[in-house]
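Please open the structure in your viewer and keep the selection tool at hand. This tour moves from one selection to the next.

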Amino acid sequence: MSKKLRIGAIASGGGTNLQAIIDRCADGSLQAEIVLVISNNPDAGALDRGKRAGIPTLCIDHRHYSDREDFDQQIVAALKTAGADTIVLAGFMRIVTDTILNAFPQRVLNIHPALLPAFPGLHVQRKALEYGARFAGCTVHFVDSGVDTGPIIAQAVVPVLDDDTEQTLSARILIEEHRLYPHAIQLLAEDRLKIDGRRVRIEPTASPLNTTLINPPLSDKE
Ligand code: GRF
């Protein structure tokens, strides 16, 4: 049985992932309602995107709090008041503490612009390029107390091209982020995600047709 999620979104930046989620809620392909957009950054484009969509927004500026714990307590209070049951981090550039994780157990999701467990942390598109990876991509995962370490829900893969720059690769990944995040959240809405240790099983199992990728590509004859 699927149920409409009540999403609290937390973002620090431009909010294009937030926008993708807003759009999928609006067209009905994501059974969810965003009940609050929070940003730690008063200038975040994400706040404007929330306002334009008629969603309540709130700036909780981390610089006004003496420690992380205090800051996270304010976030939890606002999310609870708004009646959020699912927390979506969309470009939130702060580490979340157990205060948030314990308030919403197994209900905090994040998107990361790399194929975890490769390249956690910051500047990961540049790191993938510098390393010489042939594929890059993005990962939606449950958040745990580590940095980009929680159980993986879904991943999308893009090729790394020889003439890529950090900008071109980031743009290619971002297009997939906008598709992957709403998709992963919808799986949660449908109650299809079962956490089993580090693994997240999708029930019923999705059939993985044609998901093998090779880069550079094989010739047509192979
Ligand atoms: C995305 O690349 C996301 O994966 C990362 O931060 C970026 C946020 O972009 N965590 P936006 O604010 O959603 O446009």
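In which sense do strand β1 and strand β4 pair, and over how many bridges? Select residues 5-11 and 86-89: β1 and β4 pair in the parallel sense over 4 bridges. Strands here are DSSP runs (E, at least two residues), and helices are runs of H or I with at least four, numbered from the N terminus. Two strands pair if DSSP finds at least two bridges between them. Within this pair, G8 has I87 of β4 as its bridge partner.

The model is predicted: local features need pLDDT of at least 70 and side-chain atom pairs count only at pLDDT 80 or more, while totals for chains, interfaces and linings use all residues. Residues are numbered from 1 along each chain as its sequence is written, and side-chain values use heavy atoms, with hydrogens and water left out.

Next, display the whole sheet. Its 7 strands form an open, mixed sheet in the order β3-β2-β1-β4-β5-β6-β7. At the edges lie β3 (57-59) and β7 (152-159), each pairing on one side only.

Now select α5 (residues 124-131). Its residues V124, Q125 and A128 are buried, that is, under 20% relative accessible area with a 1.4 Å probe, protein chains only. They lie on the same side of α5 because they cover an arc of only 110° around the axis, taken from the directions from the helix axis to the C-beta atoms. The buried residues of α5 pack against β5 (108-112), β6 (135-142) and α6, where contact means heavy atoms within 4.5 Å.

Key
Buried means under 20% relative accessible area, exposed over 50%, partly exposed in between (1.4 Å probe, protein chains only).
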